[in-house]
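Dear colleague,

I am handing over the structure we spoke about, and below it you will find what came out of going through it. Please read the notes with the coordinates open beside them.

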2 protein chains.
Amino acid sequence: MATMAVENYLKHVLLLSEGGDGLVSMGALAGALEVVPGTVTTMIKALADEGLVEHQPRHGVRLTHDGRRLALSVLRKHRLVETFLVNVLKMDWSKVHEEAEQLEHAISDEVLDRLDALLGHPATDPHGDPIPTRQGKISSQVYGTLATCVVERDVRVVRILEQSPEFLQFAEHHRLQPGAMLHVVDRNLTAGMVTLKPGTGRAIAMSLTAAGKILVQPER
Amino acid sequence: MATMAVENYLKHVLLLSEGGDGLVSMGALAGALEVVPGTVTTMIKALADEGLVEHQPRHGVRLTHDGRRLALSVLRKHRLVETFLVNVLKMDWSKVHEEAEQLEHAISDEVLDRLDALLGHPATDPHGDPIPTRQGKISSQVYGTLATCVVERDVRVVRILEQSPEFLQFAEHHRLQPGAMLHVVDRNLTAGMVTLKPGTGRAIAMSLTAAGKILVQPER
DNA sequence: ACTTTTATTTTGACTCTTCAAAGTAGCGTG
DNA sequence: CACGCTACTTTGAAGAGTCAAAATAAAAGT
Ligand SMILES: [Mn+2]
Ligand SMILES: [Mn+2]
Ligand SMILES: [Mn+2]
Ligand SMILES: [Mn+2]
């Protein structure tokens, strides 16, 4: 069995390789895993020996087939656990990431399958992050953001990219959660602001930076 | 935070001190934790330095107040998780111990409280083991067993002491689960056998040894 | 091209948990 | 009381994961 550390390294290589040339830098990993760079080099060398990653010294690292399989299984656990914590235990979606960070290493495949069934085989977690299937397939659909989509149109929130507790609380406060429908009233590049009108409630204004963290889908 | 190993040691000291003079032997711990005795000595010395146990060299170990508090919290997690796995996820009660052995170290107090509420604040787990309260109280009621209780009377099963998968499967097969009512037909000390008649179904015969693993309460 | 900056790797050390094997204390039996 | 068995402790070594700090390679500036 893979240790906790191994699972965390692989999962973060997977997450960081989303939308890059596929090569993940040691520095990025060190930052994400909150360890010093030397530690990453050491661990990656070990993972390469195990055939879980391919390391190109001084350039970066990518997952092998086996490594990717393992990483996807950890990510599936993480996101299904988050979904359980929010949908069943009614926990705040800004807190579940931390919990899942531990639980993802303690859950067996059998428990996971039952959790999946209990939740109705969800395709995404509470943040809109896609949940890998048991077979290791993960949706990689490309969406626009509130900073880039067409204005004066209705859109549906599909995913929140920035998942710091603060940002998630801000989003929740304005009911900007996956599934929420809203109208993009205006976007002012000069001022760097976007104005939104939710289906119900008052208008919301936010910076382009914040708007870029919210993925949306054109509606109707 | 206490590491996984520390939590396991403390939990097993607690479990093994049930019904002894309070002193747990190194050998018993080594057996329960599946490590060699020397390892236990080393670890216990460390725990004593941390003020979690009191070690009397060559005699045994007992929990301090702090150690007991921690051990009870781990045990509470273990048993609530088992209850969740059986009651909500419908897992086989012979498999949940292993799962809980991992999950007990990954669950936060907040998740635990919500789980507790979801389950309706159960007093016992699926095996009839008492669940410590959040305040660290644990019921220590004394029950008879099918090997010792009065014959020709109705009794209710309250707890299964032997929790190997095989024994639990045997018990389940005969519906000998906490809550089950049955009539103690006969006990033959010479043959070392006990005969039972469940409320519904055919009579069950089992050895005194097996019967001694099943705690019961006189009914009505 | 030469120099400075930045990213990565290497080295040596440390903590935690474990084992194998050798040493020791305590006990009961004769 | 001495012997020998058993339980316990000690010692030395190992693997996993980490950090601090020094060394090196690559990239960026001048
Ligand atoms: Mn994790
Ligand atoms: Mn998520
Ligand atoms: Mn455990
Ligand atoms: Mn139990």
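**Aromatic pairs**

Over all chains, the structure, which is a predicted model, holds three aromatic pairs. In one of them, the ring centres of Phe167(A) and Phe170(A) lie 5.8 Å apart with the planes at 45°, so the pair is tilted, given that planes under 30 degrees apart would count as stacked and those over 60 as edge-to-face. Both residues belong to helix H7 (residues 165-173) of chain A, where they are three residues apart and therefore separated by about one helical turn. Phe167(A) counts as buried at 12% relative accessibility, whereas Phe170(A), with a relative accessible area of 29%, is partly exposed.

In chain B, the rings of Phe167(B) and Phe170(B) have centres 5.8 Å apart and planes at 45°, so this pair is tilted. Here, too, the two residues are three apart in a helix, namely H7 (residues 165-173) of chain B, and are separated by about one helical turn. Phe167(B) is buried, at 12% relative accessibility, while Phe170(B) is partly exposed, its relative accessible area being 28%.

**The manganese site in chain B**

Which residues coordinate the manganese ion (ligand 4)? The donors are Glu82(B) through OE, Asp125(B) through OD, His127(B) through ND1 and Asp129(B) through OD, at 2.1 to 2.6 Å. Along the chain, the donors of this manganese ion follow the spacing E-x42-D-x1-H-x1-D. Glu82(B) is buried, with a relative accessible area of 1%, and His127(B) counts as buried at 1% relative accessibility.

**Strand S4 of chain A**

Is strand S4 (residues 154-160) of chain A largely enclosed or left open by the rest of the structure? Five of its seven residues are buried, so S4(A) is largely enclosed by the rest of the structure. Three bridges join S4(A) to strand S5 (residues 181-188) of chain A, and the two run antiparallel; in this pairing, Val155(A) has Leu182(A) of S5(A) as its bridge partner. S4(A) also pairs with strand S8 (residues 214-218) of chain A, over five bridges and in the antiparallel sense, and there Val157(A) stands opposite Val216(A) of S8(A).

**Backbone angles to look at**

Two residues other than glycine have a positive phi, among them Glu34(A), where the value is near 55°, and Arg58(A), where the value is near 70°. Glu34(A) lies in the loop between helix H2 (26-33) and helix H3 (37-49) of chain A, and counts as exposed at 73% relative accessibility. Arg58(A) is placed in the loop between strand S1 (53-56) and strand S2 (60-63) of chain A, and at 86% relative accessibility Arg58(A) counts as exposed.

With kind regards

Conventions: Residues are numbered from 1 along each chain as its sequence is written. Chains are lettered from A and ligands numbered from 1 in the order in which they are written. This is a predicted model: local features need pLDDT of at least 70, side-chain atom pairs count only at pLDDT 80 or more; totals for chains, interfaces and linings use all residues. Side-chain values use heavy atoms; hydrogens and water are left out. Rings of Phe, Tyr and Trp (its six-membered ring) pair if their centres lie within 6.5 Å; planes under 30 degrees apart count as stacked, over 60 as edge-to-face and the rest as tilted. Helices (H or I, at least four residues) and strands (E, at least two) are DSSP runs, numbered from the N terminus. Buried means under 20% relative accessible area, exposed over 50%, partly exposed in between (1.4 Å probe, protein chains only). Two strands pair if DSSP finds at least two bridges between them. Donors are N, O and S atoms within 2.8 Å of the metal (3.2 Å for Na, K and Ca); water is not among the atoms, so sites may look incomplete.
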